[in-house]
Amino acid sequence: MKAAARAPSIFPSPLDVFKAPDDKPARRRTTARRRAPDAAQVEAAAAILNAAKRPVILAGGGAVSAAAEVKALAERIGAAVVPTIAAKGILPDDHPLALEVTVDRAATQDFVREADAVLLVGTELAEPDIWLDGPLPMNGKLIRIDIDPAALVRDYDVDVAMEADSRLALAAIAETAAPAMGFKNSNAIAELRAAERNALSPLEQKHVRVLDSLRNAIPDDCVIYTDMTQLAYTGYAFYRSALPRTWHFPAGFGTLGYALPAAIGGKIASPQTPVAVIVGDGGFQFTRQELGTAVENKLPLAIILWNNNSLAQIRDGMVARDIPTIGVNQHNPDFVKLAEAYGCRTAEPDSFEELEAAVEAAFAAERPTLIHLHEKAAFLE
């Protein structure tokens with residue numbers, strides 16, 4: 001039976017588009033103007049912050065371009081700055097007004113609930129930010145700044161909803177707000193940071209020791225791409241960041257295998273910037289073949305592979321719920337031999353000093369370095 005002839009498509013195929021001539025003159029596209037805040041809303045927001053005794057700025061990824069403005073406003077009104085994962089480093093971790101990325105932990109949530117004024121800027125406060133079944137409890141007056149009008153009315157009733165560019169809005173509020181007498185929250189912040197760290201589990205404490213050692217070897221401007229692994233879960237809160245956009249973590253998507261290919265793209269895009277990877281043994285095996293890409297491109301990546309011989313977060317959840325641990329204790333290859341087969345440099349440190357030396361050497365190398373750390377290594381106990 002003869003097949004019926006297909007009608008010609010009115011939509012060009014990719015090959016048709018590829019071959020099509022383009023005789024239109026090149027011209028620069030108009031750049032959208034940043035949306036300025038409404039003056040009355042600026043006054044209203046400043047009045048709320050002026051009256052507050054315990055103000056908090058809760059900053060998300062939409063505010064990372066306004067890091068300087070967040071810092072200036074926080075210092076002017078004495079506000080604590082609570083970043084989400086996407087805003088990690090928006091205020092350097094050693095600043096007296098900076099909290100760590102602990103808004104998903106109970107003590108920090110209590111701190112935010114007790115604030116008498118909260119400024120939400122550039123954040124959805126989505127479930128992966130707070131890990132609650134509902135909205136984050138907040139008893140104080142709320143100010144919200146976002147370029148998305150839908151986000152301004154999402155989940156929370158606010159006193160001031162400002163559809164505006166975060167840089168312009170924060171700068172305008174800082175100009176209008178009255179300066180505080182010192183940092184109102186600095187003592188409470190120091191106590192809260194200590195309390196959150198004191199509440200860490202033994203495994204998280206081990207993670208922090210590793211993260212602190214890595215920080216000794218990693219410069220401030222290094223961009224770190226992290227995977228879904230327990231070391232990174234502790235790290236998004238307690239790795240000490242000095243700058244925004246230097247810690248990338250696939251919050252929300254939970255993408256196993258994200259870190260290595262993302263780091264390759266990041267290093268190619270910014271060749272002069274040091275780049276590191278933190279990946280677990282399970283996630284690494286989703287995209288381990290990209291070691292070949294990194295070697296071919298001679299990329300000096302520091303790849304820290306945290307090996308616990310399992311998909312440990314899922315395993316631990318199964319154990320907690322009395323579910324048989326099926327499919328979470330995988331058979332791993334010899335990761336060092338695997339990396340060497342791809343042409344990578346490798347290291348298996350036996351001390352924190354060796355770990356730091358391996359990371360520093362990786363940044364100066366002519367190809368990627370896989371640094372293998374086993375969770376039960378003797379020097380970590």
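Which residues of helix α14 (residues 312-320) are buried? In this predicted model, they are Ala-312, Gly-317 and Met-318, where buried means under 20% relative accessible area, exposed over 50% and partly exposed in between, with a 1.4 Å probe and protein chains only.

## Basis of the description

Residues are numbered from 1 along each chain as its sequence is written.

## Overall architecture

The protein has 16 helices and 11 strands; these are DSSP runs numbered from the N terminus, with helices being H or I of at least four residues and strands being E of at least two. Along the principal axes, the C-alpha atoms fill a box of roughly 70 × 65 × 45 Å. Of the 381 residues, 50% count as buried.

Contact means heavy atoms within 4.5 Å. Among contacts with a separation of 6 or more, 72% are accounted for by residues 24 or more positions apart. Asp-16 is placed in helix α1 (residues 14-19) and counts as partly exposed, at 46% relative accessibility.

## Nonpolar cores

A nonpolar core is a set of buried Ala, Val, Leu, Ile, Met, Phe, Trp, Tyr and Cys residues joined through side-chain atoms within 4.5 Å. The largest one holds 56 residues, of which Leu-58, Val-118, Leu-136, Met-138 and Met-162 touch the most other members. Not counting residues up to four places away in sequence, Leu-136 touches Leu-58, Val-103, Gln-109, Val-112, Leu-125, Ile-130 and Tyr-156. Another core lies apart from the largest one and has 36 residues, including Ala-237, Trp-306, Ala-347 and Phe-379.

## Helix pairs

Two packed helices are described by the angle between their axes and the distance between the axes. Here the axes are lines fitted to C-alpha atoms, for helices over the stretch in contact, and angles run from 0 to 180 degrees between N-to-C directions. Angles under 35 degrees count as roughly parallel, over 145 as roughly antiparallel, 65 to 115 as roughly perpendicular and the rest as oblique. Helix α3 (residues 67-77) packs with helix α7 (residues 166-176) at about 25°, their axes being 9 Å apart, and α3 and α7 are therefore roughly parallel. Glu-69, Val-70, Leu-73 and Arg-76 of α3 make the contact with Arg-167, Leu-170, Ala-171, Ile-173, Ala-174 and Glu-175 of α7. These residues divide into six nonpolar, no polar and four charged, with Ala, Val, Leu, Ile, Met, Phe, Trp, Tyr, Cys and Pro counted as nonpolar, Asp, Glu, Lys and Arg as charged, and the others, Gly among them, as polar.

Helix α4 (residues 106-114) and helix α8 (residues 186-198) pack at about 155°, with axes 9 Å apart; α4 and α8 are therefore roughly antiparallel. Ala-107, Thr-108 and Phe-111 of α4 meet Ala-188, Ile-189, Leu-192 and Glu-196 of α8. By class, this contact has five nonpolar residues, one polar and one charged.

## Helices α11 and α14

In helix α11 (residues 259-269), the buried residues are Ala-259, Leu-260, Ala-262, Ala-263, Ile-264, Gly-266 and Lys-267. Their cover includes β6 (223-226), β8 (275-280), α12 (281-284), α13 (290-296) and β9 (302-307). The buried residues of α14 pack against α10.

Thr-273 lies in the loop between α11 and β8 and is buried, with a relative accessible area of 17%. Leaving aside neighbours within four places in sequence, Thr-273 is in contact with Asp-221, Val-223 and Lys-267. Thr-273 and Phe-363 are 90 residues apart in sequence, and 9.5 Å apart in space from C-alpha to C-alpha.

## Positive phi values

Most residues other than glycine have a negative phi. Leu-125, which is not a glycine, has a positive phi of about 50°. Leu-125 lies in the loop between β3 (117-121) and α5 (127-130) and counts as buried, at 3% relative accessibility.

Arg-245 also has a positive phi, near 60°. Arg-245 lies in the loop between α10 (230-238) and β7 (247-248) and is partly exposed, with a relative accessible area of 47%. Asp-322, which follows α14, has a positive phi near 55°.

Key. Predicted model: local features only at pLDDT ≥ 70, side-chain atom pairs only at ≥ 80, totals over all residues. Heavy atoms only, no water.
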